[in-house]
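Please find below some notes for a colleague who is meeting this structure for the first time. They are set out as numbered points, to be read alongside the model.

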Amino acid sequence: MKWLKSTECISFDVRDNVARVTLNRPDKRNALSGLMLRELHQALLEADDRRDVNVILLSGAGKDFCAGYDLTDSYGGAADQSSEYDPASYRTRAGTIDDDIWNLERQQDLTSIMLDLHKPIVAKIQGNCLAGGTDLAFSCDIVLAADDAKIGFPAARANGTPPTNLWFYHCGPQWTKRMLFTGDTIGGRDAAMIGMVLEAYPADEIDFQADEMVRRIGSVDAEILAAHKRIVNAQMEMAGAKQSLRYALELDARAHLSTGPRRTRFRKDMAEKGLKEALANRDEPFGRGRIELRARRGAGD
């Protein structure tokens, strides 16, 4: 293949005018590692360049779409072991705010391409779509979810703010603040009710519905689809979407410098007790943390 050089963390398949790009670390709930992000970037370029592809379906293998960024990467568990250069001659991962911003920009370079692809991307969400998973999903053109999917950014409780923050463009200012101020999650069905995702379906129907969506979209010529996508995305850019990506990234780096008790506790727990206990202690004050709508549901729901 021209662009895609390895598939250790994703799978890639083309048939019937659809490129199916699947996050493929089900044992890690498809958490985003550096390698997965690089392979995803390559797969998206591969799909966008191929003449036999009109639309891309992005999904996750196993029970989850994506449970977020691999925190063992972020908190020192995945230092570069390359012997090709002297690490001391290069930037730290997050030793200064400028180093943190620089590295976040390199990470964002791998995913922001989703907005610039000529071909539409449909995200199919089942199970967990958390933190970095929402960064991916909300960069897609259409998001479909299972009714019982779990969508949110729990890392907002102690880790930072979304570095690719497109929430505002999906569900407006109040719901964006509601989600980020608490780090609570929302189910797929309720997410559809507030416009966060396009539509939600029963878990046993989501595969069929996503396949039918990309079949219908893929029946349109790629050049026509590109015209539709690029004008709408240009309108989003005029509404500030691209500028907000850079601003969100820099504010995430600033948030990483927080010395408040919850941020300090999380870093200490990660260093001394590991990821599982760090997450448990971070989330314990919030209980179930699941949003369930009342006002927009009918009496029979």
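1. In this predicted model, Arg246 and Glu250 both belong to helix α10, which covers residues 241–256, and they sit four residues apart, or about one turn of the helix. An α-helix has 3.6 residues a turn, so residues three or four places apart point the same way. Arg246 and Glu250 form a salt bridge, in which the closest N and O atoms are 3.7 Å apart. Arg246 has a relative accessible area of 55% and is exposed, whereas Glu250, at 31%, counts as partly exposed.

2. Which residue forms a salt bridge with Asp64? The partner is Arg29, and the closest N and O atoms of the pair are 3.8 Å apart. Because Asp64 lies in the loop between β3 and α2 (71–77) and Arg29 in the loop between β2 and α1, the pair ties together parts that are 35 residues apart in sequence. Asp64 counts as buried, with a relative accessibility of 8%, while Arg29 is partly exposed at 48%.

3. One joins Asp99 to Arg91, with the closest N and O atoms 2.9 Å apart; here Asp99 counts as buried at 11% relative accessibility, and Arg91 counts as partly exposed at 39%. Elsewhere, salt bridges link Arg157, Arg178, Asp184, Arg282 and Asp283 in a network.

4. Is strand β3 largely enclosed or open? Six of the six residues of β3, which covers residues 55–60, are buried, so the strand is largely enclosed by the rest of the structure. In a regular strand the side chains alternate between the two faces of the sheet. For β3 both faces are covered, as Val55, Leu57 and Ser59 are buried on one side and Ile56, Leu58 and Gly60 are buried on the other.

5. The neighbours of β3 can be followed on either strand named here. Strand β2 (residues 18–23) runs parallel to β3 and is joined to it by six bridges, with Val18 having Val55 as its bridge partner in β3.

6. For helix α1, the length can be checked against expectation: at 1.5 Å a residue its 16 residues should span 22 Å, and the end C-alpha atoms are 23 Å apart, which agrees. Buried residues in α1 include Met36, Leu37, Leu40, Ala43, Leu44 and Ala47, and among them are also Glu39, His41, Glu46 and Asp48.

7. A last point concerns the second largest pocket, whose volume is about 380 Å³. Of the 23 residues lining this pocket, Cys140, Asp141, Ile142, Val232 and Asn233 are the closest to its centre. At least two lining residues are supplied by each of β4, β6 (142–146), α6 (167–182) and α9 (222–238). Which element gives the largest share of the lining? That element is α9, with six residues.

Definitions and conventions. Residues numbered from 1 in each chain as written. Predicted model: local features only at pLDDT ≥ 70, side-chain atom pairs only at ≥ 80, totals over all residues. Heavy atoms only, no water. Buried < 20%, exposed > 50% of the residue type's maximum accessible area, 1.4 Å probe, protein only. Pairing = 2+ DSSP bridges. Salt bridge = Lys/Arg side-chain N within 4 Å of Asp/Glu carboxyl O. Expected span 1.5 Å × (residues − 1). 1 Å grid on protein atoms, 1.4 Å probe; cavity = no way out; pocket = protein on both sides within 12 Å on 5 of 7 lines; lining within 4 Å. Points joined across faces, edges and corners; volume = space filled by probe spheres on them.
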